[in-house]
Amino acid sequence: MLPDILPKLSGEWKDMLQAADIQIAEPFNILKIAGAGGAHRKVNFLIFGHGATLPAVLLKQTRSRMNYERLTMEYESLMTVSSIPFMNGKMPYPIGLFQHDEGYILVESCIPGRSLDNLLLGHSHVKHSQVIQDLNATRDWLVEFQRGTRGDPIRFEGQVEVQRRIERGAFHLPDIFVNQLLALAKSVNGMLIPLSARHGDFWPGNIIPAHGEIHVIDWEGFLPYASPFKDLFMFAITYAWSYRWKGFTRLTRKEAFSRAFLEANWFSAVLQSFMGEVLLAIPGMDRKYIWLFFTLFMMDMACPGPEEDGMQVGDSENWKEHLFLFASHATLSLDGSCI
Amino acid sequence: MNVTRAEAQADIRFYLPLRKGQRVLMVGAEPSLVEAVKHEGLEIIEIAGSTQIFDVEAASMDHAIVVNTSVCMENKSWSELARVIRSGGYIFAGIHNAESFQSLIGRFLLRQRKVRGTTLRQACKNLRSSGFELENFYGLRSDIREPAYIVPLQDVGPSRYFFENIFAPYSLSAVWMRRVALGAVAMGLQKMFFNDLGLIARRLASSHVA
């Protein structure tokens, strides 16, 4: 338990902390922040040194084998990603993964600050100029992250992939929409899509804006090679959810989704521009494919396949609702426009 | 995945130096906390309220976790808890904060006669006079039944960090509350923003009790 673990910060783990340039003075203060759910849940603790106003390290503790595997994966992900020069200082630095009694502890440096989700909830960063600044910073990060981890491409099987997803999810979408989607997929059949690393939980709650840049935390869902669209569309949709304000009225997720992707307004315009710019940075991509891959992403979330394993997909019913809403109201055309 | 009320309470156990084979007295705990402590290999004596503490043998418990806040309003309960915990053992005691903004509003604006809970000062006094030494105290948010956040209150830094960066304002009134809280924290009034507090204290050897 923590009273037995904390002395290690100034004892056997001290050298590792110093190597990561972390100074922490006793006595320590422990702030428990909400962990994941489940019987053997992983719990996160921020550790403050004496008199400190910012946490020095983050301890992630779990008592189960299953979560141990996740912690191991997260530790290895942090090791891999932090070795990319661009990522230096923009993500937590892994200190170590330790066993204590029958539990496991991941120690990592703490990226202090208020998440983008928290800022938006608190009615901050909601102005047009601030939204653009945050989206630009996120775009730059995502483009660099994908560029730095790009691997071999896979061939996109066009209509087959669309059909496969519709069958897997048993989605009963409007025929007109399905036909438009299939036509769009046919036009890009055989296209090569370069794989790149995936964060896996790329939503505003894991993004900390600071000085025109962003820092990204919580790397549990990381994969070294995955579709480049997952993080992009996960962010775009969850950003729309987080940005729930309409004046001083809070919208539901459904209303927020409609405003962002089914209505014409400044918010939907900047979000679409953001998605287009990230997409353009992927070799061989064009803006006109946004809505095809956007729809496939929602299908994957509504009925997760093997690649979504490890992603924080949330409630699939919620995603299904969004998919049907989009399919019922959007009109896709071959030039990539969406009305 | 959402954290349920019961799961969040189970995390209280991390704040005590519990070790396999020890005996823990649990007062008013949620089943998840009881299960979690059992899962750690400890023996549990579970009771619902203060009257049953009288039946527990003296110095037979290594630690105690008191989640039922009404227990810690009674002076006699503290001395009973001190009686059953061996010297060097720890107690986690939850109290309903009589000095929280919510309590103060009830007392002064709504003219509620009955004051729920106890003050931190009174609880500390009771702890000391019963033979405990306070090690730290925490704000439990949203409350002791569902402590999704456990915020140390002795230093200003963690509370300020909590309200500045972690506290999620899910409504417009919460947006304002966050601003007021940050102002109050700067004046050292952080405990007023927590309806329930958790005290961690160590049982002193009888010779050290004043």
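Predicted model: local features only at pLDDT ≥ 70, side-chain atom pairs only at ≥ 80, totals over all residues.
Reader: What is the relative accessibility of R202(B)?
Author: Residues are numbered from 1 along each chain as its sequence is written, and chains are lettered from A and ligands numbered from 1 in the order in which they are written. Buried means under 20% relative accessible area, exposed means over 50%, and partly exposed lies in between (1.4 Å probe, protein chains only). R202(B) counts as partly exposed because its relative accessibility is 26%.

Reader: Which residue meets R202(B) in a salt bridge?
Author: A salt bridge is a side-chain nitrogen of Lys or Arg within 4 Å of a carboxyl oxygen of Asp or Glu. The partner of R202(B) meets it with N and O 3.7 Å apart, and this partner is E135(B).

Reader: How many residues apart are E135(B) and R202(B)?
Author: E135(B) counts as partly exposed, at 38% relative accessibility. Helices (H or I, at least four residues) and strands (E, at least two) are DSSP runs, numbered from the N terminus. E135(B) is in strand 5 of chain B and R202(B) in strand 7 (residues 196–203) of chain B, so the pair links distant parts of the chain. The separation is 67 residues.

Reader: How many salt bridges does the structure hold over all chains?
Author: Some of them share partners, and in this way E161(A), R165(A), R168(A), K230(A) and D300(A) are joined into one network. The count over all chains is 27.

Reader: How many residues apart in sequence are the parts that E74(A) and K60(A) tie together?
Author: E74(A) and K60(A) form a salt bridge whose closest N and O atoms are 2.6 Å apart. E74(A) lies in helix 3 (residues 65–82) of chain A and K60(A) in strand 3 (residues 57–62) of chain A, so the pair ties together parts whose separation in sequence is 14 residues.

Reader: Which helix holds both E144(A) and R147(A)?
Author: The side chains of E144(A) and R147(A) meet in a salt bridge of 3.2 Å, N to O. E144(A) is partly exposed at 29% relative accessibility, and R147(A) is partly exposed at 47%. The two are 3 residues apart, about one turn, and both lie in helix 5 (residues 128–148) of chain A.

Reader: What area is buried between chain B and chain A?
Author: The size of an interface is often given as the accessible area lost when the parts come together. Buried area is the accessible area (1.4 Å probe) that two parts lose on being put together, summed over both. Carbon and sulfur atoms give 57% of the area here, and the total is about 3300 Å².

Reader: Which three residues supply 20% of the area that chain B buries against chain A?
Author: Contact means heavy atoms within 4.5 Å, and 41 residues of chain B are in contact with 41 residues of chain A. The three that supply 20% of the area chain B buries give more than any other three, and they are F14(B), Y15(B) and Y161(B).

Reader: Which residue meets K32(A) in a salt bridge?
Author: The interface of chain B and chain A has 2 salt bridges. In one of them the side chain of K32(A) is 2.8 Å, N to O, from that of D11(B).

Reader: Which helix gives the largest share of the side of chain B that touches chain A?
Author: Several elements give two or more residues to this side, including helix 1 (5–10) and strand 6 (146–152) of chain B. The largest share is 8 residues, and it comes from helix 6 of chain B.

Reader: How many of the 11 residues of helix 6 of chain B are buried?
Author: Among the buried residues are Y161(B), F162(B) and F163(B). Their cover includes strand 1 and helix 4 (116–121) of chain A. This helix 6 of chain B is largely enclosed by the rest of the structure because the number of its residues that are buried is 8.

Reader: Which residue of chain B joins its side chain to that of N29(A) in a polar contact?
Author: A polar contact is a pair of N or O atoms within 3.5 Å; within protein, one must be able to donate a hydrogen and the other to accept it, and residues adjacent in sequence count only if both atoms are side-chain atoms. N29(A) is in strand 1 (residues 29–33) of chain A and counts as buried, at 4% relative accessibility. At 3.5 Å, its side-chain partner is N136(B).

Terms used
Heavy atoms only, no water.
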